[in-house]
Amino acid sequence: MTDSDSDNDNDFLARRFETHRPHLRAVAHRMLGSAAEAEDAVQEAWFRLNRTGDEDIDNLGGWLTTVVGRVCLDMLRTRTSRAEQPLEPTTPVPDTTADPEQDALLADSVGVALLVVLDTLTPAERLAFVLHDLFAVPFEEVGEIVGRTPAAARQLASRARRRVQGAPAPDADEARRRQREVADAFLAATRDGDFEALVGVLDPDVVARSEAGVTTGALAVAKGATSFAALARFAHPALVDGRIGIAAVVDGRVERTLAFTFVRDRIAVIDIVTDAGHVAESKVELL
């Protein structure tokens, strides 16, 4: 192989890696609660990929997520062994300015107390909760990262979930009112095709989960929301399994639901259900 061929291969590998960087950064950021440390973890994943190459990797995204998970786990364990103080909650800022005290984010039914709660979890519990509940990583893969069986990984996530869901939420009525306003703004922006307005109501590291997979980042999620524009005219604000969201109703039947999780008045997680059977199982109350 000539030097030119080697350079081309490295460039191709780097381009492949860059397509996964937003997702990896989101995983690491939620694991570590620090944008600076998240960048370090993602960079370490690149170093390992560059050394290994991708010839024997069937699923590059899954491989990189596993690597980042292990790097973050080591960093959390090191932090614990050094008895470092947890990060203080601050207002999230876009990743273009790496704030070392940027919030770690949440999963289902979590309020602004998440960061405090995550810092009370063991590293293994935190990893299992973040990877499975927020990024839908199977327990088999989570177990491999933490060195446990899938059943044990499930128990780790379950313990963490109980702690997180029990976190107190300040002024629940006011928070629900603000969430409804954000949901209304999301729906209006989707109907109008207002891309900038959509980005404005999304957290920079928003995660959209559906049967088709996971999308991360405000720009990518807003772009994906444009595919919902035609159906949005049939949509209404709703409570979806107790969460503020949106339901598309056609001919009296709920066709699709979007359930939101919020962090400081922005949408941080969107759970999208389009499968008719799963939609039917959801409890939907139009607002």
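Predicted model: local features only at pLDDT ≥ 70, side-chain atom pairs only at ≥ 80, totals over all residues.

Residues are numbered from 1 along each chain as its sequence is written, and side-chain values use heavy atoms, leaving out hydrogens and water.

**Exercise 1.** Decide whether Gly69 is buried or exposed, and find its contacts.

*Solution.* Start with the helix: Gly69 sits in H3, residues 60-81 (helices are DSSP runs of H or I, at least four residues, numbered from the N terminus). Next, take the relative accessible area, which is 0%, so Gly69 is buried (under 20%, with exposed meaning over 50%; 1.4 Å probe, protein chains only). Then list contacts (heavy atoms within 4.5 Å): beyond neighbours within four places in sequence, Gly69 meets Leu127 and Ile145. Finally, the C-alpha atoms of Gly69 and Val27 are 7.7 Å apart, although 42 residues separate them in sequence.

**Exercise 2.** Do likewise for Glu125.

*Solution.* Glu125 belongs to helix H5, residues 123-135. Its relative accessibility is 8%, so Glu125 counts as buried. Setting aside residues up to four places away in sequence, Glu125 touches Leu156, Arg159 and Ala160.

**Exercise 3.** Which residues touch the most other members of the largest nonpolar core?

*Solution.* A nonpolar core joins buried Ala, Val, Leu, Ile, Met, Phe, Trp, Tyr and Cys residues through side-chain atoms within 4.5 Å. The largest has 46 residues, and Phe17, Met31, Leu49, Leu127 and Phe135 touch the most other members. Another core, of 26 residues, lies apart from it and includes Leu198 and Phe260.

Terms used
Helix = DSSP H or I, 4+ residues; strand = E, 2+ residues; numbered from the N terminus.
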